[in-house]
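Open the model in your viewer and keep the selection tool at hand. The tour goes from strand pairing to a metal site and then to one of the residues beside it.

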Amino acid sequence: MMRFTGVRFAALLIGGTLLASAAVAQASELDVQNPWVALAPPGAHATAAFMELNNPGDEAVDVVSADADGFKAVELHESVNEDGMHRMIEQDRITVPAGETVSLAPGGYHVMLIGPERSLEEGETVVIELGLGDGSKLEVEAPITPREKAMGGDGHMH
Ligand SMILES: [Cu+2]
């Protein structure tokens, strides 16, 4: 898959000097799968990006920041439901334990994209740069997709 390859490539580039050394002394790395940005109505103040973060390594990897061109601010959030109240809490980090996958999905963790500087159209791609705990960066290309389509058709979400 094209975008998958792109993500790996970016991670290796940022991981440093030598591709050849990657297998020996690997920078922390995540495999990112199924990234997407929720299509928001024109004039929306924010939207969110979702993806699955798989950690194939044997040490936990923290995502400590996110950035994207074209937005006033980008934050790591978790949606929570407390006493029937829906709210979002900014996260210092999202930890992906060794050998596990953490899903950023509606109703849970997400990358909050605040204050889009132009309208976002279906099919366009938002490039999101995730900052990892070891200082490396991971570039993710997330296509803008209607929620119903991204979530498999039934559109059910919280
Ligand atoms: Cu949020």
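Two strands count as paired if DSSP finds at least two bridges between them. The model is predicted.

Select strand β1 (residues 31–38) together with strand β10 (residues 137–145): they pair in the parallel sense, over two bridges. Within this pair, valine 37 has isoleucine 144 of β10 as its bridge partner.

Next, select the copper ion. Which atoms coordinate the copper ion? They are ND1 of His77, SD of Met88, NE2 of His110 and SD of Met112, at 2.1 to 2.3 Å. The angles subtended by the four donor atoms are 93 to 119°, so the arrangement is tetrahedral; the criterion is that all angles lie between 85 and 135 degrees. Along the sequence, the donor spacing reads H-x10-M-x21-H-x1-M. Methionine 88 belongs to strand β5 (residues 85–90) and methionine 112 to strand β8 (residues 109–116), so this pair ties together parts 24 residues apart in sequence.

Colour by accessibility. Methionine 88 is partly exposed, at 37% relative accessibility, whereas methionine 112 is buried, at 10%.

Finish at serine 79, in strand β4 (residues 71–82). Serine 79 is buried, with a relative accessible area of 9%. Beyond its neighbours within four places in sequence, serine 79 contacts His86, Arg87, Met88, Gly107, Gly108 and His110.

Key. Residues are numbered from 1 along each chain as its sequence is written. This is a predicted model: local features need pLDDT of at least 70, side-chain atom pairs count only at pLDDT 80 or more; totals for chains, interfaces and linings use all residues. Side-chain values use heavy atoms; hydrogens and water are left out. Helices (H or I, at least four residues) and strands (E, at least two) are DSSP runs, numbered from the N terminus. Buried means under 20% relative accessible area, exposed over 50%, partly exposed in between (1.4 Å probe, protein chains only). Contact means heavy atoms within 4.5 Å. Donors are N, O and S atoms within 2.8 Å of the metal (3.2 Å for Na, K and Ca); water is not among the atoms, so sites may look incomplete. Four donors count as tetrahedral if all angles lie between 85 and 135 degrees; four count as square planar and six as octahedral if opposite donors are over 155 degrees apart and all others between 65 and 115; anything else is irregular.
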